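Here's a quick briefing on charged side-chain pairs, put together for someone who likes to check contacts directly. Have a look at the model first, then run through the notes.

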Amino acid sequence: MTASNFQPSLEGEARLLLLIEAFSRRRRVMEGRTKLAKLDFFLRYPTYCERALRIRRPDLELPRGTAEPDVESRMVRYRFGPWDPAYFALLGRLVGKGLVRPVPYARGIGYRATESGRSMAARLKGEPAWVDMSGRIELLRRHFDLSGTTLKRFIYDNLPEVTQATWGQSL
């Protein structure tokens, strides 16, 4: 994979906006980039998302057809698991457009959707192309609203093929 494979895209911005909006409702905040990256991993790799849901909630009735082909762009194995080098640019673009704002929280900097970001996220959720992903985000919000460290540990404990990849290897 070349650096050009990790360029920010409008699809990446939309996906992160939807995630941040879902996890920063009311007075909540998306707690840092580690949590964002691990949740984004489950969005981009629906087969891992379904597997993780079955591990964490074996009693959960999953909608038929949940595991669809993995999405448009790959992630790489980084120090703390799956990562996309475009996150810094994507978050910068969302902040620059006034859709997300950085917010301090107990362990560092988190992210919260602004009113404009919430409005944009609501419009995206109504678009047919984003309905399935919005549904997966809600499943993640209900069953994986955990700290970034806990999500990282879950991936390490349950998805060894992801964490045993060498640093920089495409997932």
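Asp 145 pairs up with Arg 28 in a salt bridge, and their closest N and O atoms sit 2.7 Å apart. Asp 145 is in the loop between α6 (131-143) and α7 (148-158), while Arg 28 is in the loop between α1 (10-23) and α2 (32-44), so this pair ties together parts that are 117 residues apart in sequence. Keep in mind that the model is predicted.

**The loop-to-loop pair**
- Asp 145 comes out as partly exposed, at 27% relative accessibility.
- Arg 28 is partly exposed too, with a relative accessible area of 39%.

**The network**
- Glu 21 and Arg 25 meet through their side chains in a salt bridge, with 3.2 Å between N and O.
- Glu 21 is buried, since its relative accessible area is 7% and the cut-off for buried is under 20%.
- Glu 21 and Arg 25 are also part of a network of salt bridges that links them with Arg 118, Lys 125, Glu 138 and Arg 141.

**The overall tally**
- How many salt bridges does the structure hold? The count is 14.
- As a general point, side chains of opposite charge can pair when their charged atoms come close.

Note on methods:
Residues numbered from 1 in each chain as written. Predicted model: local features only at pLDDT ≥ 70, side-chain atom pairs only at ≥ 80, totals over all residues. Heavy atoms only, no water. Salt bridge = Lys/Arg side-chain N within 4 Å of Asp/Glu carboxyl O. Buried < 20%, exposed > 50% of the residue type's maximum accessible area, 1.4 Å probe, protein only. Helix = DSSP H or I, 4+ residues; strand = E, 2+ residues; numbered from the N terminus.
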